[in-house]
Amino acid sequence: KLQALIFDVDGTLADTERDGHRVAFNRTFAEAGLDWNWSISLYGEILEVAGGKERIHFYLQKYRPDFQPPADLTQFIANLHKAKTHHYQKLLAEAVIPLRPGVKRLIDQARSQGIRLAIATTSALPNATTLLTQQLGKDSLDWFEVIAAGDIVAAKKPAPDIYQYVLREMGLNSDVCLAFEDSHQGLIAARKAGIQTIITVNDYTKDRDFSDALLVLDCLGEPEQPFRVIAGDVGD
Ligand code: XBP
Ligand code: MG
């Protein structure tokens with residue numbers, strides 16, 4: 001019997017990447033006097049690497065091989081990332097990014113049926129908590145038994161560590177949980193942890209291989225806007 005839902009945040013609860021994280025990275029680079037600008041399409045390529053610090057590192061290696069890094073590259077990236085988290089918080093306050101259709105209804109219904117809730121995100125903790133409090137109210141942080149985020153585990157998605165951490169903290173086996181993800185890397189992470197996964201695609205992820213998912217949807221829908229099944233067997 002299903003006991004818990006585990007949600008990814010970015011791309012799943014809300015479309016935060018293109019107009020949120022991407023813009024925050026660009027504001028950070030401009031502020032630091034760096035001529036790096038992540039276009040919408042370039043961001044789609046580097047989104048392949050989960051985690052902001054890891055993404056900057058990947059960008060430097062692949063697109064800026066001539067960049068002369070300061071002596072301590074790790075610290076340099078960590079400082080940039082700290083500033084980026086700050087910019088992202090400001091951005092969320094300036095331009096609210098709504099929850100995707102059906103997310104609130106699903107969370108409300110799960111709560112009313114005593115289904116336990118958790119978060120498993122690669123993003124930094126304040127990013128997840130700000131979005132939740134903004135969209136669902138301050139109390140919503142208590143609705144989620146575990147909010148596993150960012151560097152709480154060493155290996156980010158597609159490693160299964162963040163999902164395994166959630167399972168451990170909740171004392172649950174993978175077979176009584178259901179994960180919600182939007183990305184290929186997220187799906188790999190959840191499946192490696194043995195958790196069945198429902199995918200809600202978005203513009204950045206819609207062409208990826210989700211054959212390992214239980215179900216692939218364009219969104220979770222709303223009563224007046226039924227969801228569309230893209231792949232998966234939901235019966236007649
Ligand atoms: C989210 C991410 C994060 C965000 C940026 O992936 O990859 O890196 O883009 O957040 P997922 P930080 O939805 O699979 O968790 O800069 O805070 O890392
Ligand atoms: Mg995601």
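A residue is called buried here if 20 or more other C-beta atoms lie within 10 Å of its own. In this predicted model, the buried residues of helix α4 (73–94) are L80, H81, K84, T85, H87, Y88 and L92. An α-helix has 3.6 residues a turn, so residues three or four places apart point the same way. Among the elements that cover the buried residues of α4 are α1, α3 and α6 (125–136). The helix α4 itself has 22 residues, and 31 Å separate its first C-alpha from its last, close to the 32 Å expected at 1.5 Å a residue.

The protein chain is divided into domain 1 (4–15 + 99–231) and domain 2 (17–94). Taken over C-alpha atoms, the centres of the two domains are 24 Å apart. Contacts between them involve 14 residues of domain 1 and 12 residues of domain 2. On the side of domain 1 that touches domain 2, α6 gives the most, with five residues. By class, this side of domain 1 has four nonpolar, six polar and four charged residues.

The ligand brings both domains together in the description. Ligand 1 lies between domain 1 and domain 2, because both give residues to the shell around it. Of the 22 residues around ligand 1, those that come nearest are D10, G52, T122, S123 and A124. Two or more residues of the shell come from each of α1 (17–31), α3 (52–63), α4 (73–94) and α9 (184–192). Sorted by class, the shell has 13 polar, six charged and three nonpolar residues.

Terms used. Residues numbered from 1 in each chain as written. Chains lettered and ligands numbered in written order. Predicted model: local features only at pLDDT ≥ 70, side-chain atom pairs only at ≥ 80, totals over all residues. Near = placed C-beta within 6 Å. Helix = DSSP H or I, 4+ residues; strand = E, 2+ residues; numbered from the N terminus. Nonpolar A, V, L, I, M, F, W, Y, C, P; charged D, E, K, R; others polar. Domains from an automatic or database assignment. Expected span 1.5 Å × (residues − 1). Buried ≥ 20, exposed ≤ 12 C-beta atoms within 10 Å, placed from the backbone. Contact = placed C-beta atoms within 7 Å.
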